Amino acid sequence: QVQLVESGGGLVQAGGSLRLSCAASGSIFRINAMGWYRQAPGKQRELVADIRSGGSTNYADSVKGRFTISRDNAKNTVYLQMNSLKPEDTAVYYCSADLQTSSWFAQRRYWGQGTQVTVSS
């Protein structure tokens, strides 16, 4: 069993900051990419940022220069530092991990339960 547990969401005023964390636990052999997605009401889930095991990153254009993704491989944890938040950043944020539970099994994607981020104007 693998679990991804997120924390750090909440309510913040426009221009403020939040830091999200997501820790993976359970039967983990190897974690490759980890990432953050978000889903606003009535919209599809979209990629916010992801990070490979070697540290290379990828960001949505809408968050470049404001959000920073990082990870601690020893703790199987991924972070999302969100600065200069805007009302349009309001969404449920989900972390993801592309991982193997054994060298015998193919990689698959696991998801966290989601954490609400609300940015007031």
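I take helices (H or I, at least four residues) and strands (E, at least two) as DSSP runs, numbered from the N terminus. The model is predicted, so local features need pLDDT of at least 70 and side-chain atom pairs count only at pLDDT 80 or more, while totals for chains, interfaces and linings use all residues. Residues are numbered from 1 along each chain as its sequence is written, and side-chain values use heavy atoms, with hydrogens and water left out.

**Entry: Gly114**

I located Gly114 in the loop between β10 (108–111) and β11. I looked up its contacts (heavy atoms within 4.5 Å). Leaving aside residues up to four places away in sequence, Gly114 touches Glu6, Val92, Tyr93 and Tyr94. From Gly114 to Gly9 the C-alpha atoms lie 9.1 Å apart, with a sequence separation of 105 residues.

**Entry: nonpolar core**

I searched for nonpolar cores, each a set of buried Ala, Val, Leu, Ile, Met, Phe, Trp, Tyr and Cys residues joined through side-chain atoms within 4.5 Å. The largest has 30 residues, and Trp36, Leu80, Met82 and Tyr93 have the most contacts inside it. Among the elements that give two or more residues to this core are β1 (2–7), β3 (18–26), β4 (30–39) and β5 (46–51). β9 gives the most to this core, with five residues. I listed the contacts of Leu80, not counting residues up to four places away in sequence; they include Leu18, Trp36, Val48, Phe67, Ile69 and Tyr93.

**Entry: disulfide**

I searched the whole structure for disulfides (cysteine sulfur atoms within 2.5 Å) and found one. Cys22 and Cys95 form this bond, with their sulfur atoms 1.9 Å apart. The pair links distant parts of the chain, since Cys22 is in strand β3 and Cys95 in strand β9, 73 residues apart. Cys22 is buried at a relative accessible area of 0%, and Cys95 is also buried, at 0%.

**Entry: strand pairing around β5**

I counted strands as paired if DSSP finds at least two bridges between them. β4 and β5 run antiparallel and are joined by five bridges, with Arg38 opposite Glu46 in β5. Six residues lie between β4 and β5 in their hairpin, and Gly42 in the turn has a positive phi of about 75°. β5 also runs antiparallel to β6 (residues 57–59), through three bridges. Here Ile51 stands opposite Thr57. The hairpin of β5 and β6 has five residues between the strands, and Gly55 in the turn has a positive phi of about 110°.

**Entry: salt bridges**

I asked how many salt bridges the structure holds. There are six, each a side-chain nitrogen of Lys or Arg within 4 Å of a carboxyl oxygen of Asp or Glu. Asp50 and Arg52 form one of them (3.4 Å, N to O); Asp50 is buried at 12%, whereas Arg52 is partly exposed at 42%. Lys64 pairs with Asp61, the closest N and O atoms being 3.1 Å apart, and Asp61 is exposed at 65%.

Between Asp89 and Arg66 the closest N and O atoms are 2.8 Å apart. Asp89 is buried at 1%, and Arg66 is buried at 11%. Salt bridges with shared partners join Arg38, Glu46, Arg66 and Asp89 into one network.

Definitions and conventions
Buried means under 20% relative accessible area, exposed over 50%, partly exposed in between (1.4 Å probe, protein chains only).
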